[in-house]
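Visitor: Hi, could you walk me through this one? I'm new to reading structures.
Guide: Gladly, let us look at it together.

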Amino acid sequence: QVQLVESGGGLVQPGGSLRLSCTASGLTFSSYVMNWYRQAPGKERELVARISSGEGNTNYADSVKGRFTISRDNAKNTVDLQMNSLKFEDTAVYYCNAYRRYLLREYVYWGQGIQVTVSS
């Protein structure tokens, strides 16, 4: 079965950095768009960053542009999120997501989520 496993979360001070990693198994990783979402307490889940299959084009939420970088390694089935200049408002549970549309069907998978807390 498909598994997405996040790692790298934790507690960091404002202005600090963290690197999240998601390791995927059970799917043709290179064929999937990979996304990082986050959900803060009392808020809707929001898309943070996306990297396409193929050319690896990236998109970011306005709130993280210039601070976060998403990257993927198709040989290792991993997608990373480098988070710099972290702010209090980046505190959330971060989720790895895999998405593919193939033959009129959508395939969507989620990781279990990992906590990122920005606090002094």
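**Strands, core and a disulfide**

Guide: This is a predicted model, and the protein in it has eleven strands and zero helices. Its radius of gyration is 14 Å, close to the 14 Å that the globule rule gives for 120 residues, so the protein is as compact as a globular protein of that length.

Visitor: And how much of the protein counts as buried?
Guide: Of its 120 residues, 40% count as buried.

Visitor: Which residues touch the most other members in the largest nonpolar core?
Guide: That core has 30 residues, and the ones touching the most other members are Met34, Trp36, Val79, Leu81, Met83 and Tyr94. Among the elements that give two or more residues to this core are β4 (33–39), β8 (78–83) and β9 (92–102). As a general point, nonpolar side chains tend to be buried together in soluble globular proteins.

Visitor: Okay, what does Tyr94 touch?
Guide: Leaving out residues up to four places away in sequence, Tyr94 touches a list of residues including Trp36, Leu81 and Met83, as well as Glu6, Arg38 and Gly113.

Visitor: Changing topic, how many disulfides are there?
Guide: The count comes to one disulfide, formed by Cys22 and Cys96, whose sulfur atoms are 2.1 Å apart. The pair links distant parts of the chain, since Cys22 lies in strand β3 and Cys96 in strand β9, 74 residues apart.

Visitor: Are those two cysteines buried or exposed?
Guide: Cys22 is buried, because its relative accessible area is 0%, and Cys96 likewise counts as buried at 0% relative accessibility.

Visitor: Which handedness does the link have?
Guide: The link of Cys22 and Cys96 is left-handed, with -80° about the S-S bond.

Notes: Residues are numbered from 1 along each chain as its sequence is written. This is a predicted model: local features need pLDDT of at least 70, side-chain atom pairs count only at pLDDT 80 or more; totals for chains, interfaces and linings use all residues. Side-chain values use heavy atoms; hydrogens and water are left out. A nonpolar core is a set of buried Ala, Val, Leu, Ile, Met, Phe, Trp, Tyr and Cys residues joined through side-chain atoms within 4.5 Å. Buried means under 20% relative accessible area, exposed over 50%, partly exposed in between (1.4 Å probe, protein chains only). Helices (H or I, at least four residues) and strands (E, at least two) are DSSP runs, numbered from the N terminus. Contact means heavy atoms within 4.5 Å. A disulfide is a pair of cysteine sulfur atoms within 2.5 Å. The radius of gyration is taken over C-alpha atoms; the globule rule is 2.2 Å times the number of residues to the power 0.38.
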